[in-house]
Amino acid sequence: MKKLTSCLSSWLLVLSLAFSLTVSVSAVELPDELEWLTNNEDPIFASPEARRGGVFKSWLLSFPLTFRTVGPDSNTSFRSFILENQLGLYALHPQTERPIPALATHWAFGDDHKTMYFKLNPAARWSDGKPVTSADFLFALEMMRSEVIRAPWYNNYYSEEIVDVTAYDAHTLSVTAGSPKSRRELLNTVGLAPQPRHFYELSDDWVRRYNWALAPVTGAYVIDDVKRGRSISFKRLDDWWGNELTYYKHRFNVDAIRLNVVRDMNIAYRHFLRGDIDTFGLILPEWWHDKTDTPEYRAGLINRIWFYNDMPQGAQGVHLNTAHPRLSDVRVRQGIAHAINMQRMLDTILRGDYERMNTFGTGYGDFIDLDIRARSFDIERARALFAEAGYDKQGPGGILRNAAGDVLSLAVTYTTQEHTSRLAILREEARKAGLDLQLNLVDGATGFKAMLEKKHEAAWLGWGGGGLYPQYWEFFHSVNADKPQTNNLFNISDSQLDSLIEQYRVTMDLDDKAAISRQIQRRVHELAIFIPGYQVPYTREAYWRYVRLPETKGTRHSPSLFWPMEGAPHSTGGLFWIDETLKAQIKSDKPSFEPVLEIDETWRHKEQ
């Protein structure tokens with residue numbers, strides 16, 4: 001299962017609405033003396049021992065509300081199966097972090113510090129056989145700027161962050177950012193993914209018309225079977241155009257991917273133990289520690305691995321909706337933060353396996369203010385703040401209320417049944433400070449839709465870490481407040497934040513940009529709109545012995561060892577394969593092997 005990857009997904013799509021655009025080839029000539037670069041020299045991270053074939057069986061907690069990757073209801077965990085099966089102009093090598101060829105074979109940096117130039121691979125094809133050309137990138141910009149897709153984040157990004165795409169011929173183009181940037185930040189901004197011009201029509205009914213459309217892709221898999229509400233299947237393209245590319249050989253090895261909807265994690269785990277699911281994430285401590293002493297593990301039929309990675313952690317914790325009258329008071333928000341005993345949850349339910357998060361995301365080096373500490377559990381401080389806000393009268397059960405009779409409560413919306421015990425600990429502790437936490441479990445896709453539509457008081461969720469630098473505009477800028485289908489779940493509208501975010505988006509010098517990032521983080525902390533939860537600097541997974549991994553197991557930036565698609569922005573997925581001979585033996589003979597538990601700390605930080 002993949003976490004919601006809003007930032008990560010945003011990096012892949014790169015486009016928006018402002019300037020007029022034609023899709024004809026430009027009469028402008030390429031600048032002279034461009035230094036064309038490529039990269040086929042970095043270490044190969046796939047295994048030459050990998051074998052093609054087999055079916056990879058996995059699962060979804062809920063059926064997606066759409067197959068679109070932009071527009072209403074599109075930002076779900078399933079979206080990554082489509083987005084990360086769509087190649088961009090380049091990817092980032094998962095160990096060196098240098099660009100590697102994808103749709104483009106070569107690239108060059110312009111003297112204006114805003115433009116990158118690209119030579120497309122003439123062999124690149126859409127899954128329907130049509131060639132990928134510069135026109136598809138021109139159309140991508142037009143589409144992402146169009147109001148018919150009903151995606152304001154993309155409309156803005158592809159107007160202000162990406163301001164131009166120029167086609168010089170069918171296989172040569174440039175992408176221009178809205179402000180001068182360092183080369184590294186240009187790579188974080190202009191990695192444009194195309195959109196199939198021959199497939200889409202930008203009509204007023206675009207959202208409805210393409211809700212379940214199977215759009216052509218540039219990756220190795222296509223959706224080939226859908227049972228609405230029950231399952232989604234992908235098949236591998238035997239003649240995929242990227243089969244022989246340097247960094248794509250021996251990858252995307254399974255012939256098919258089957259995703260069955262199982263709305264209860266416990267039931268899904270039973271399917272896994274029966275062999276109906278091939279791998280299972282065991283990030284949850286109670287699963288890793290308590291549910292792996294079964295005959296399948298003892299017989300060595302199922303292996304376990306604890307693999308530390310080195311990658312940014314998206315923000316995980318409590319998002320407070322300031323549009324709610326009670327939460328509009330910063331003293332109430334600060335009091336709530338002091339009434340949340342996150343450390344007890346970490347020490348008990350989570351068994352010390354997870355680490356406390358202190359800021360809105362971690363792992364971005366100098367862009368993170370390490371001096372910020374999450375507010376600690378402090379009953380006296382919480383009650384004092386609540387009293388300042390008028391909640392100084394104690395009612396039934398010790399819950400506070402104000403003179404008007406408004407009870408100090410907070411409804412926490414969440415989407416994962418397994419998190420109920422965690423939140424129950426927080427509820428128990430919060431009562432000591434006079435706060436009533438009401439737990440509101442809602443089905444995955446439906447619950448996240450409610451959050452995007454700002455129907456929550458507090459949202460408990462985690463975002464995927466993505467990009468080379470933290471993203472703030474979509475989460476905190478006022479243009480995204482009080483609007484549905486935006487990631488500003490806080491509904492925060494703060495002029496100081498707006499000013500900092502606008503500076504952050506145009507600042508070229510990385511030291512200056514990092515300094516502004518730290519200021520943004522301090523302001524978010526002052527506003528007390530986000531209560532940091534925890535970070536998990538590793539993946540833990542169980543897998544049937546017939547699912548094979550490379551000798552290195554994964555890469556520095558692998559969020560999962562068994563992700564079948566490309567990955568973004570780092571190319572990390574599709575490294576595993578199915579040993580069909582061993583699978584047949586296990587299924588028929590039920591042999592026994594030595595149990596395998598592997599802990600790989602290659603990429604573990606020294607301070608962890």
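Me: Which elements do the buried residues of α10 pack against?

Reply: This is a predicted model, in which local features need pLDDT of at least 70, side-chain atom pairs count only at pLDDT 80 or more, and totals for chains, interfaces and linings use all residues. Residues are numbered from 1 along each chain as its sequence is written, and side-chain values use heavy atoms, with hydrogens and water left out. Helices (H or I, at least four residues) and strands (E, at least two) are DSSP runs, numbered from the N terminus, and contact means heavy atoms within 4.5 Å. Here the buried residues of α10 pack against β13 (316-320), α12 (379-388), β17 (409-414), α13 (420-430), α17 and β20 (530-532).

Me: Why is helix α10 largely enclosed by the rest of the structure?

Reply: Buried means under 20% relative accessible area, exposed over 50%, and partly exposed in between (1.4 Å probe, protein chains only). Eight of the 10 residues of α10 (residues 330-339) are buried, so this helix is largely enclosed by the rest of the structure; among the buried residues are Arg333 and His338.

Me: In helix α17, is Ile516 buried or exposed, and which residues does Ile516 touch?

Reply: Ile516, which is found in helix α17, is buried, with a relative accessible area of 7%. Not counting residues up to four places away in sequence, Ile516 touches Leu500, Gln503, Tyr504 and Thr507.

Me: And is Asp511 buried or exposed?

Reply: Asp511, also found in helix α17 (residues 510-527), counts as exposed because its relative accessibility is 57%.
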